[in-house]
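Subject: Structure handover

Hi,

Here is the structure I promised to pass on.

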Amino acid sequence: MFDYLEGLLERIDEAQLVVRVETGGGCLAYRCRCPLRTFDRLQEKAGSGAPARVFVLTVSQDDLPRLLGFATREERELCRMFLKVSGVGPSLALALLSSDQPRALLRALRDRDIPFLKSIRGIGAKTAERLALETTDKAAEWLQAMGEGEPFSETAGGGPSPLLRDARAALESLGFSAEESKKRVETTAKKLQDPDLETLVRASLKG
């Protein structure tokens with residue numbers, strides 16, 4: 001089984017790329033399906049025209065072996081986690097990884113944020129519920145390893161974090177009700193990666 005491929009990249013479309021691996025006497029070209037934006041991230045890491053390393057996962061689809069390609073090992077392990085969920089195949093797993101920053105997605109899984117999961121293309125209510133049920137503990141472990149052990153919206157004592165409290169106060173000072181401010185700030189915070197107060201308030205105002 002392959003761990004990674006290293007070579008020049010050729011783009012087919014947003015969701016597929018070809019890795020040209022030199023073999024000494026020629027080259028082999030491997031086609032990989034990948035999350036959206038993976039090609040661009042790989043090119044940024046490698047530099048234009050330079051070889052890139054693509055971490056791969058072999059799956060079976062339509063009774064044929066297929067390669068999925070990822071920019072990092074972490075993305076690949078997240079994909080493995082999704083594929084263990086009943087009803088989630090390679091296409092849905094890639095859609096999940098294409099939807100947002102990994103940390104925002106992990107927060108949604110940990111917090112069982114069904115509306116967030118349903119907003120991802122191809123994810124219906126039943127699949128969102130299964131994902132939340134079957135991956136919430138694993139998502140919490142991932143976030144713990146990333147230094148985010150407590151829910152983003154709360155402190156260890158169960159109250160709102162200082163960042164969320166200040167953002168809610170800012171919205172209330174602009175005329176939003178306490179309930180609307182809380183809803184906007186907490187929903188927005190789950191979609192952002194480590195925002196500062198100004199970024200969180202501006203994004204919350206946009207709804």
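Before anything else, a contact here means heavy atoms within 4.5 Å. Ser-204 sits in helix H9; helices (H or I, at least four residues) and strands (E, at least two) are DSSP runs, numbered from the N terminus. Ser-204 is buried, with a relative accessible area of 0%. For that word and its relatives, buried means under 20% relative accessible area, exposed over 50%, and partly exposed in between, with a 1.4 Å probe and protein chains only.

Some ground rules. This is a predicted model, in which local features need pLDDT of at least 70 and side-chain atom pairs count only at pLDDT 80 or more, while totals for chains, interfaces and linings use all residues. Residues are numbered from 1 along each chain as its sequence is written, and side-chain values use heavy atoms, with hydrogens and water left out.

The overall picture

The protein chain has nine helices and five strands. Read from the N terminus, the order is β-β-β-α-β-β-α-α-α-α-α-α-α-α. Of its 207 residues, 39% count as buried. Taking contacts between residues at least 6 apart in sequence, 51% join residues at least 24 apart.

Helix H4 and what comes after

H4 is largely enclosed by the rest of the structure, because eight of its nine residues are buried. Those buried residues are Arg-103, Ala-104, Leu-105, Leu-106, Arg-107, Ala-108, Leu-109 and Arg-110. What do they pack against? The partners are H2, helix H3 (90-99), H5, helix H6 (125-145) and H8.

Past the end of H4, Asp-111 is found in the loop between H4 and H5, and at 26% relative accessibility it counts as partly exposed. The C-alpha atoms of Asp-111 and Thr-136 are separated by 7.1 Å, although the two are 25 residues apart along the chain. H4 is also followed by Arg-112, whose phi is positive, near 55°.

Salt bridges

There are 13 salt bridges in the structure, each being a side-chain nitrogen of Lys or Arg within 4 Å of a carboxyl oxygen of Asp or Glu.

- Asp-113 and Lys-190 meet at 3.8 Å, N to O. Asp-113 lies in the loop between helix H4 (102-110) and H5, and Lys-190 in the loop between H8 and helix H9 (197-205), so the pair ties together parts that are 77 residues apart in sequence. Asp-113 is buried at 14% relative accessible area, and Lys-190 counts as buried at 18%.
- Asp-3 and Arg-73 meet at 3.0 Å, N to O. Asp-3 is in the segment before strand E1 (4-13) and Arg-73 in helix H2 (residues 73-83), 70 residues apart. Asp-3 counts as partly exposed at 30% relative accessibility, and so does Arg-73 at 39%. Both belong to a network of salt bridges that links Asp-3, Arg-73, Arg-76, Glu-77 and Arg-80.
- Glu-180 and Arg-184 meet at 2.7 Å, N to O. They are four residues apart in helix H8, which means a separation of about one helical turn. Glu-180 is partly exposed, with a relative accessible area of 30%.

The second largest pocket

Helix H5 (114-118) and helix H8 (178-189) are the elements that give two or more residues to the lining, and H8 has the largest share, three residues.

By type, the lining residues divide into two nonpolar, two polar and five charged. In that scheme Ala, Val, Leu, Ile, Met, Phe, Trp, Tyr, Cys and Pro are nonpolar, Asp, Glu, Lys and Arg are charged, and the others, Gly among them, are polar. The lining draws at least three residues from each of domain 1 (4-146) and domain 2 (162-205), with bounds from an automatic or database domain assignment.

Cheers
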